[in-house]
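Please look at the sequence and the model shown below.

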Amino acid sequence: MQNGVAWLPMKMHRTLFTSAALLFASAVCTAVAQPAAPATSAPVYVPDTTHQNDPMPPGVLAWDATQKSLEVTNGLDFARFVFAFTNVATAVVPVLATNFSYDTNFTVVTNTGFWSIFSGHKYSTTTGQVITNTRVVTVTNSITPVAVTILNVHPSCGCTTAELPTPPWILPPGTNSTMKVSVNLAGKSGMLFKSVNVATDKGKLDLMLRINILPAPPAPPMSEAERARGVAAAKIDRQAVFKGDCISCHAKNVEGKFGQALFAQVCAVCHEANPRASMVPDLRNLKDPTSDEFWRAWVTSGKPGTLMPAFATSQGGPLSDMQIASLAVYLNQAFPSHVPPAAK
(Lines give C-alpha, C1' and ligand atoms only; values in the text may rest on other atoms or scores of the structure.)
Protein backbone atom coordinates (compact mmCIF):
# COMPACT_ATOMS: atom_id res chain seq x y z
CA MET A 1 0.00 0.00 0.00
CA GLN A 2 1.28 3.37 -0.96
CA ASN A 3 -0.35 6.63 0.08
CA GLY A 4 -3.37 4.66 1.21
CA VAL A 5 -3.72 2.91 -2.16
CA ALA A 6 -3.41 -0.83 -2.44
CA TRP A 7 -1.29 -1.78 -5.43
CA LEU A 8 -1.96 -5.04 -7.20
CA PRO A 9 0.80 -7.09 -8.69
CA MET A 10 1.63 -6.27 -12.37
CA LYS A 11 0.61 -9.74 -13.54
CA MET A 12 -2.86 -9.28 -12.07
CA HIS A 13 -3.20 -5.89 -13.77
CA ARG A 14 -2.42 -7.45 -17.14
CA THR A 15 -4.97 -10.22 -16.52
CA LEU A 16 -7.74 -7.78 -15.65
CA PHE A 17 -6.97 -5.61 -18.70
CA THR A 18 -7.00 -8.58 -21.04
CA SER A 19 -10.35 -9.80 -19.69
CA ALA A 20 -11.92 -6.36 -20.11
CA ALA A 21 -10.65 -6.11 -23.68
CA LEU A 22 -12.09 -9.50 -24.55
CA LEU A 23 -15.49 -8.58 -23.10
CA PHE A 24 -15.54 -5.34 -25.10
CA ALA A 25 -14.57 -7.09 -28.36
CA SER A 26 -17.21 -9.73 -27.76
CA ALA A 27 -19.87 -7.07 -27.21
CA VAL A 28 -18.82 -5.25 -30.40
CA CYS A 29 -18.84 -8.44 -32.50
CA THR A 30 -22.20 -9.44 -31.08
CA ALA A 31 -23.65 -6.05 -31.97
CA VAL A 32 -22.24 -6.19 -35.50
CA ALA A 33 -23.35 -9.77 -36.06
CA GLN A 34 -26.98 -9.06 -35.16
CA PRO A 35 -29.02 -9.71 -38.36
CA ALA A 36 -31.12 -6.83 -39.66
CA ALA A 37 -34.85 -7.10 -39.22
CA PRO A 38 -36.44 -8.54 -42.38
CA ALA A 39 -38.21 -5.98 -44.57
CA THR A 40 -41.94 -6.44 -44.77
CA SER A 41 -44.19 -5.59 -47.73
CA ALA A 42 -47.88 -5.67 -48.42
CA PRO A 43 -49.17 -8.93 -49.90
CA VAL A 44 -49.61 -8.93 -53.69
CA TYR A 45 -52.79 -10.36 -55.23
CA VAL A 46 -52.07 -12.99 -57.88
CA PRO A 47 -55.19 -14.11 -59.79
CA ASP A 48 -55.78 -17.73 -60.75
CA THR A 49 -55.29 -18.02 -64.53
CA THR A 50 -55.56 -21.80 -64.85
CA HIS A 51 -59.18 -21.68 -66.10
CA GLN A 52 -59.19 -18.51 -68.21
CA ASN A 53 -59.26 -20.50 -71.48
CA ASP A 54 -61.98 -22.92 -70.36
CA PRO A 55 -65.62 -22.32 -71.36
CA MET A 56 -67.37 -20.37 -68.62
CA PRO A 57 -69.85 -22.67 -66.85
CA PRO A 58 -73.38 -21.50 -65.98
CA GLY A 59 -73.87 -19.73 -62.68
CA VAL A 60 -70.79 -17.46 -62.77
CA LEU A 61 -71.86 -14.14 -64.34
CA ALA A 62 -75.55 -13.51 -65.03
CA TRP A 63 -75.79 -11.23 -68.10
CA ASP A 64 -78.81 -9.25 -69.27
CA ALA A 65 -77.89 -10.70 -72.70
CA THR A 66 -74.79 -12.12 -74.36
CA GLN A 67 -76.01 -11.21 -77.88
CA LYS A 68 -77.24 -7.74 -78.82
CA SER A 69 -78.38 -6.10 -82.07
CA LEU A 70 -78.52 -2.48 -83.11
CA GLU A 71 -79.73 -0.60 -86.18
CA VAL A 72 -77.98 2.67 -86.95
CA THR A 73 -78.18 5.24 -89.70
CA ASN A 74 -75.33 5.51 -92.17
CA GLY A 75 -73.20 8.44 -91.10
CA LEU A 76 -73.25 7.67 -87.38
CA ASP A 77 -69.71 7.61 -85.99
CA PHE A 78 -70.10 4.79 -83.42
CA ALA A 79 -72.47 1.99 -82.47
CA ARG A 80 -72.63 1.72 -78.68
CA PHE A 81 -73.71 -1.24 -76.53
CA VAL A 82 -74.08 -1.70 -72.77
CA PHE A 83 -73.94 -5.19 -71.21
CA ALA A 84 -75.18 -5.49 -67.61
CA PHE A 85 -74.14 -8.43 -65.43
CA THR A 86 -74.15 -9.76 -61.86
CA ASN A 87 -71.62 -11.96 -60.08
CA VAL A 88 -73.65 -15.00 -58.96
CA ALA A 89 -70.70 -17.39 -58.58
CA THR A 90 -70.64 -19.81 -55.66
CA ALA A 91 -68.31 -22.53 -54.38
CA VAL A 92 -69.06 -25.80 -52.54
CA VAL A 93 -67.14 -26.11 -49.26
CA PRO A 94 -67.24 -29.55 -47.52
CA VAL A 95 -67.83 -29.17 -43.77
CA LEU A 96 -67.54 -31.95 -41.10
CA ALA A 97 -70.55 -32.20 -38.83
CA THR A 98 -69.94 -31.50 -35.13
CA ASN A 99 -72.26 -34.31 -33.95
CA PHE A 100 -71.43 -37.95 -34.63
CA SER A 101 -73.82 -40.79 -35.27
CA TYR A 102 -73.16 -44.48 -34.86
CA ASP A 103 -73.91 -47.42 -37.12
CA THR A 104 -76.72 -49.70 -35.94
CA ASN A 105 -75.16 -52.75 -37.57
CA PHE A 106 -72.78 -54.75 -35.37
CA THR A 107 -69.74 -56.63 -36.53
CA VAL A 108 -69.35 -59.92 -34.64
CA VAL A 109 -65.79 -61.18 -34.21
CA THR A 110 -65.07 -64.55 -32.61
CA ASN A 111 -61.27 -64.12 -32.25
CA THR A 112 -61.15 -61.66 -29.36
CA GLY A 113 -57.46 -62.00 -28.87
CA PHE A 114 -56.61 -60.83 -32.39
CA TRP A 115 -59.01 -57.87 -32.57
CA SER A 116 -58.22 -56.58 -29.14
CA ILE A 117 -54.89 -55.21 -30.33
CA PHE A 118 -56.59 -52.50 -32.41
CA SER A 119 -57.50 -49.18 -30.80
CA GLY A 120 -60.29 -46.76 -31.68
CA HIS A 121 -63.10 -49.26 -31.04
CA LYS A 122 -65.38 -49.84 -28.11
CA TYR A 123 -65.63 -53.48 -27.12
CA SER A 124 -68.36 -55.23 -25.20
CA THR A 125 -67.68 -58.84 -24.24
CA THR A 126 -70.19 -61.64 -24.68
CA THR A 127 -69.72 -65.33 -24.47
CA GLY A 128 -67.08 -66.22 -27.05
CA GLN A 129 -67.70 -63.01 -29.03
CA VAL A 130 -66.63 -59.36 -29.31
CA ILE A 131 -69.11 -56.77 -30.64
CA THR A 132 -67.68 -53.52 -32.15
CA ASN A 133 -69.63 -50.34 -32.76
CA THR A 134 -68.40 -48.49 -35.89
CA ARG A 135 -68.45 -44.66 -35.67
CA VAL A 136 -69.84 -42.85 -38.78
CA VAL A 137 -68.92 -39.20 -39.50
CA THR A 138 -71.53 -37.10 -41.33
CA VAL A 139 -70.20 -34.70 -44.05
CA THR A 140 -72.31 -31.80 -45.31
CA ASN A 141 -71.70 -29.20 -48.08
CA SER A 142 -71.78 -25.43 -47.61
CA ILE A 143 -72.60 -23.18 -50.63
CA THR A 144 -70.57 -19.96 -50.35
CA PRO A 145 -70.68 -16.90 -52.71
CA VAL A 146 -67.22 -16.14 -54.13
CA ALA A 147 -65.49 -13.33 -56.03
CA VAL A 148 -64.91 -13.44 -59.79
CA THR A 149 -61.89 -11.80 -61.44
CA ILE A 150 -62.07 -10.53 -65.04
CA LEU A 151 -58.52 -11.15 -66.29
CA ASN A 152 -58.74 -9.58 -69.76
CA VAL A 153 -61.16 -8.53 -72.50
CA HIS A 154 -60.30 -8.96 -76.20
CA PRO A 155 -62.52 -7.44 -78.95
CA SER A 156 -62.56 -9.22 -82.30
CA CYS A 157 -60.98 -6.29 -84.17
CA GLY A 158 -59.36 -2.89 -83.66
CA CYS A 159 -62.53 -0.95 -84.47
CA THR A 160 -64.24 -2.44 -81.38
CA THR A 161 -63.36 -1.26 -77.88
CA ALA A 162 -64.60 -2.21 -74.42
CA GLU A 163 -64.67 0.19 -71.46
CA LEU A 164 -63.80 -1.38 -68.10
CA PRO A 165 -61.41 -0.85 -65.17
CA THR A 166 -57.80 -1.88 -65.63
CA PRO A 167 -57.64 -5.71 -65.36
CA PRO A 168 -57.58 -7.70 -63.20
CA TRP A 169 -61.07 -6.47 -62.32
CA ILE A 170 -62.18 -8.16 -59.07
CA LEU A 171 -65.96 -8.52 -58.69
CA PRO A 172 -66.99 -9.25 -55.08
CA PRO A 173 -69.90 -11.69 -54.55
CA GLY A 174 -73.21 -10.23 -55.71
CA THR A 175 -71.61 -7.33 -57.62
CA ASN A 176 -73.80 -5.61 -60.24
CA SER A 177 -71.89 -3.83 -63.00
CA THR A 178 -71.85 -2.93 -66.69
CA MET A 179 -69.45 -3.16 -69.61
CA LYS A 180 -69.68 -0.60 -72.42
CA VAL A 181 -68.68 -1.62 -75.95
CA SER A 182 -68.23 0.76 -78.92
CA VAL A 183 -67.78 -0.07 -82.62
CA ASN A 184 -66.24 2.52 -84.95
CA LEU A 185 -68.46 2.72 -88.05
CA ALA A 186 -66.26 4.98 -90.21
CA GLY A 187 -66.27 3.70 -93.78
CA LYS A 188 -68.59 0.79 -93.01
CA SER A 189 -71.98 -0.15 -94.41
CA GLY A 190 -74.44 -3.03 -94.42
CA MET A 191 -74.52 -5.76 -91.76
CA LEU A 192 -71.61 -6.06 -89.30
CA PHE A 193 -70.85 -8.84 -86.80
CA LYS A 194 -68.40 -8.25 -83.94
CA SER A 195 -67.52 -10.05 -80.71
CA VAL A 196 -65.82 -9.37 -77.39
CA ASN A 197 -64.09 -12.22 -75.52
CA VAL A 198 -64.29 -11.91 -71.72
CA ALA A 199 -61.80 -14.12 -69.82
CA THR A 200 -62.20 -14.68 -66.06
CA ASP A 201 -60.63 -16.91 -63.43
CA LYS A 202 -63.73 -19.13 -63.78
CA GLY A 203 -63.70 -19.40 -67.61
CA LYS A 204 -64.38 -17.32 -70.73
CA LEU A 205 -67.34 -16.37 -72.93
CA ASP A 206 -68.02 -14.25 -76.03
CA LEU A 207 -70.36 -11.27 -76.18
CA MET A 208 -71.82 -11.06 -79.70
CA LEU A 209 -72.72 -7.82 -81.51
CA ARG A 210 -74.82 -7.38 -84.66
CA ILE A 211 -75.01 -3.97 -86.32
CA ASN A 212 -77.26 -3.16 -89.27
CA ILE A 213 -76.18 0.10 -90.90
CA LEU A 214 -79.19 1.59 -92.69
CA PRO A 215 -78.79 3.87 -95.73
CA ALA A 216 -78.67 7.54 -94.87
CA PRO A 217 -81.97 9.30 -95.47
CA PRO A 218 -81.95 11.50 -98.56
CA ALA A 219 -81.13 15.10 -97.96
CA PRO A 220 -84.19 17.33 -98.01
CA PRO A 221 -84.53 19.22 -101.29
CA MET A 222 -83.10 22.70 -101.29
CA SER A 223 -85.45 25.60 -101.48
CA GLU A 224 -85.08 28.01 -104.35
CA ALA A 225 -83.62 30.60 -101.99
CA GLU A 226 -81.03 28.08 -100.69
CA ARG A 227 -80.17 27.02 -104.21
CA ALA A 228 -79.70 30.63 -105.28
CA ARG A 229 -77.38 31.31 -102.36
CA GLY A 230 -75.35 28.19 -103.14
CA VAL A 231 -74.99 29.11 -106.81
CA ALA A 232 -73.94 32.65 -105.92
CA ALA A 233 -71.30 31.37 -103.50
CA ALA A 234 -70.00 28.83 -106.06
CA LYS A 235 -69.65 31.53 -108.72
CA ILE A 236 -67.33 33.41 -106.40
CA ASP A 237 -65.48 30.33 -105.14
CA ARG A 238 -66.22 26.95 -106.72
CA GLN A 239 -64.62 25.26 -103.69
CA ALA A 240 -67.29 26.82 -101.47
CA VAL A 241 -69.20 23.50 -101.52
CA PHE A 242 -66.49 22.10 -99.22
CA LYS A 243 -66.90 24.87 -96.66
CA GLY A 244 -69.46 26.02 -94.12
CA ASP A 245 -72.92 24.46 -94.22
CA CYS A 246 -72.34 22.96 -97.68
CA ILE A 247 -69.80 20.48 -96.34
CA SER A 248 -72.57 18.30 -94.85
CA CYS A 249 -73.76 17.35 -98.36
CA HIS A 250 -70.59 17.55 -100.43
CA ALA A 251 -67.72 16.39 -98.22
CA LYS A 252 -68.96 14.69 -95.04
CA ASN A 253 -68.69 10.93 -94.46
CA VAL A 254 -66.47 10.17 -97.45
CA GLU A 255 -63.87 8.24 -95.45
CA GLY A 256 -63.65 4.63 -96.61
CA LYS A 257 -66.13 5.11 -99.48
CA PHE A 258 -65.31 4.18 -103.07
CA GLY A 259 -67.04 3.78 -106.43
CA GLN A 260 -70.85 3.79 -106.34
CA ALA A 261 -71.07 4.55 -102.61
CA LEU A 262 -68.81 7.56 -103.11
CA PHE A 263 -70.88 8.78 -106.07
CA ALA A 264 -74.05 8.61 -103.98
CA GLN A 265 -72.38 10.58 -101.20
CA VAL A 266 -70.72 13.48 -103.06
CA CYS A 267 -71.92 13.55 -106.69
CA ALA A 268 -75.58 12.54 -106.71
CA VAL A 269 -76.56 15.46 -104.49
CA CYS A 270 -76.16 17.72 -107.53
CA HIS A 271 -76.15 15.51 -110.63
CA GLU A 272 -79.06 13.28 -109.52
CA ALA A 273 -81.10 16.00 -107.81
CA ASN A 274 -84.79 16.15 -108.69
CA PRO A 275 -85.19 18.67 -110.08
CA ARG A 276 -81.60 19.10 -111.26
CA ALA A 277 -80.34 22.66 -111.54
CA SER A 278 -80.09 23.84 -115.14
CA MET A 279 -76.38 24.70 -114.76
CA VAL A 280 -75.54 21.14 -113.59
CA PRO A 281 -74.73 18.80 -116.52
CA ASP A 282 -76.82 15.68 -117.16
CA LEU A 283 -74.22 12.90 -116.96
CA ARG A 284 -76.31 10.67 -119.25
CA ASN A 285 -76.25 13.12 -122.12
CA LEU A 286 -72.79 14.64 -122.22
CA LYS A 287 -71.62 16.14 -125.50
CA ASP A 288 -68.06 14.82 -125.18
CA PRO A 289 -66.65 11.27 -125.47
CA THR A 290 -65.81 9.91 -122.03
CA SER A 291 -63.27 7.48 -120.58
CA ASP A 292 -61.59 6.70 -117.27
CA GLU A 293 -59.08 9.47 -117.96
CA PHE A 294 -61.88 11.93 -118.77
CA TRP A 295 -63.70 11.31 -115.49
CA ARG A 296 -60.51 11.29 -113.44
CA ALA A 297 -59.46 14.68 -114.82
CA TRP A 298 -62.87 16.25 -114.18
CA VAL A 299 -63.17 14.91 -110.64
CA THR A 300 -59.59 15.78 -109.75
CA SER A 301 -59.46 19.38 -111.00
CA GLY A 302 -63.04 20.31 -111.79
CA LYS A 303 -63.39 23.15 -114.28
CA PRO A 304 -62.38 26.74 -113.52
CA GLY A 305 -65.06 29.29 -114.34
CA THR A 306 -67.91 26.83 -113.69
CA LEU A 307 -69.63 25.43 -110.61
CA MET A 308 -67.64 22.17 -110.85
CA PRO A 309 -65.18 22.07 -107.90
CA ALA A 310 -61.86 20.23 -107.65
CA PHE A 311 -62.38 17.14 -105.47
CA ALA A 312 -58.70 16.16 -105.03
CA THR A 313 -57.22 16.75 -101.60
CA SER A 314 -54.21 18.34 -103.30
CA GLN A 315 -56.56 21.09 -104.55
CA GLY A 316 -58.61 21.57 -101.41
CA GLY A 317 -61.16 18.83 -101.98
CA PRO A 318 -62.10 15.83 -99.78
CA LEU A 319 -61.06 12.83 -101.99
CA SER A 320 -57.83 10.84 -102.18
CA ASP A 321 -56.30 9.71 -105.46
CA MET A 322 -57.55 6.15 -104.85
CA GLN A 323 -61.09 7.36 -104.24
CA ILE A 324 -61.01 9.46 -107.42
CA ALA A 325 -59.72 6.49 -109.45
CA SER A 326 -62.55 4.27 -108.13
CA LEU A 327 -65.08 6.99 -108.88
CA ALA A 328 -63.78 7.33 -112.45
CA VAL A 329 -64.17 3.60 -113.06
CA TYR A 330 -67.74 3.66 -111.73
CA LEU A 331 -68.72 6.75 -113.77
CA ASN A 332 -67.32 5.23 -116.96
CA GLN A 333 -69.45 2.11 -116.42
CA ALA A 334 -72.61 3.78 -115.11
CA PHE A 335 -72.70 6.62 -117.66
CA PRO A 336 -71.27 5.25 -120.92
CA SER A 337 -70.52 7.80 -123.58
CA HIS A 338 -72.94 8.16 -126.50
CA VAL A 339 -70.47 10.29 -128.45
CA PRO A 340 -67.87 8.43 -130.53
CA PRO A 341 -64.25 9.41 -129.89
CA ALA A 342 -62.81 11.94 -132.26
CA ALA A 343 -60.95 10.52 -135.24
CA LYS A 344 -57.19 10.89 -135.02
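β3 (78-87) and β14 (176-184) run antiparallel and are joined by nine bridges, where strands are DSSP E runs of at least two residues, helices are H or I runs of at least four, and both are numbered from the N terminus. Two strands count as paired if DSSP finds at least two bridges between them. Within this pairing, Phe81 has Val181 in β14 as its bridge partner. This is a predicted model, in which local features need pLDDT of at least 70 and side-chain atom pairs count only at pLDDT 80 or more, while totals for chains, interfaces and linings use all residues. Residues are numbered from 1 along each chain as its sequence is written, and side-chain values use heavy atoms, with hydrogens and water left out.

The two strands belong to an open sheet of four, ordered β1-β3-β14-β12 with antiparallel pairing. Because β1 and β12 (160-163) stand at the edges with a single partner strand each, one side of each is left without a neighbour in the sheet. Neighbouring strands of this sheet are turned against each other by 30° on average, direction ignored; the axes are lines fitted to C-alpha atoms (for helices over the stretch in contact), and angles run from 0 to 180 degrees between N-to-C directions.

## Nonpolar cores

A nonpolar core is a set of buried Ala, Val, Leu, Ile, Met, Phe, Trp, Tyr and Cys residues joined through side-chain atoms within 4.5 Å; buried means under 20% relative accessible area, exposed over 50%, and partly exposed in between, with a 1.4 Å probe and protein chains only. The largest such core has 28 residues, and those with the most contacts inside it are Met179 and Ile211. Elements giving two or more residues to this core include β1, β3, β14 and β16 (203-214), and β16 provides the largest share, five residues.

Leaving aside residues up to four places away in sequence, Met179 touches a set of residues that includes Trp63, Phe81, Phe83, Ile150, Trp169 and Leu207, contact being heavy atoms within 4.5 Å. A second, separate core of 20 residues includes Val266, Ala312, Leu319 and Phe335.

## Ala312 and α8

Ala312 lies in the loop between α7 (292-301) and α8 (321-334), and it counts as buried because its relative accessibility is 1%. Beyond residues up to four places away in sequence, Ala312 touches Val299, Thr300, Gly317, Leu319 and Ile324.

α8 itself has 14 residues and reaches 20 Å from its first C-alpha to its last, close to the 20 Å expected at 1.5 Å a residue, the expected span being 1.5 Å times one less than the number of residues. Among the buried residues of α8 are Gln323, Ile324, Leu327 and Tyr330, and what covers the buried residues of this helix includes α5 (259-266) and α7.

## Salt bridges

Counting a side-chain nitrogen of Lys or Arg within 4 Å of a carboxyl oxygen of Asp or Glu as a salt bridge, the total comes to three. Lys68 and Asp64 meet in one of them, at 2.9 Å from N to O, and Asp64 is partly exposed, at 46% relative accessibility.

Asp201 pairs with Lys202, with their closest N and O atoms 3.1 Å apart; Asp201 is buried at 10% relative accessibility, whereas Lys202, at 28%, is partly exposed. Glu272 forms a salt bridge with Arg284, their closest N and O atoms being 3.0 Å apart. Glu272 is partly exposed at 34%, and Arg284 is likewise partly exposed, at 44%.
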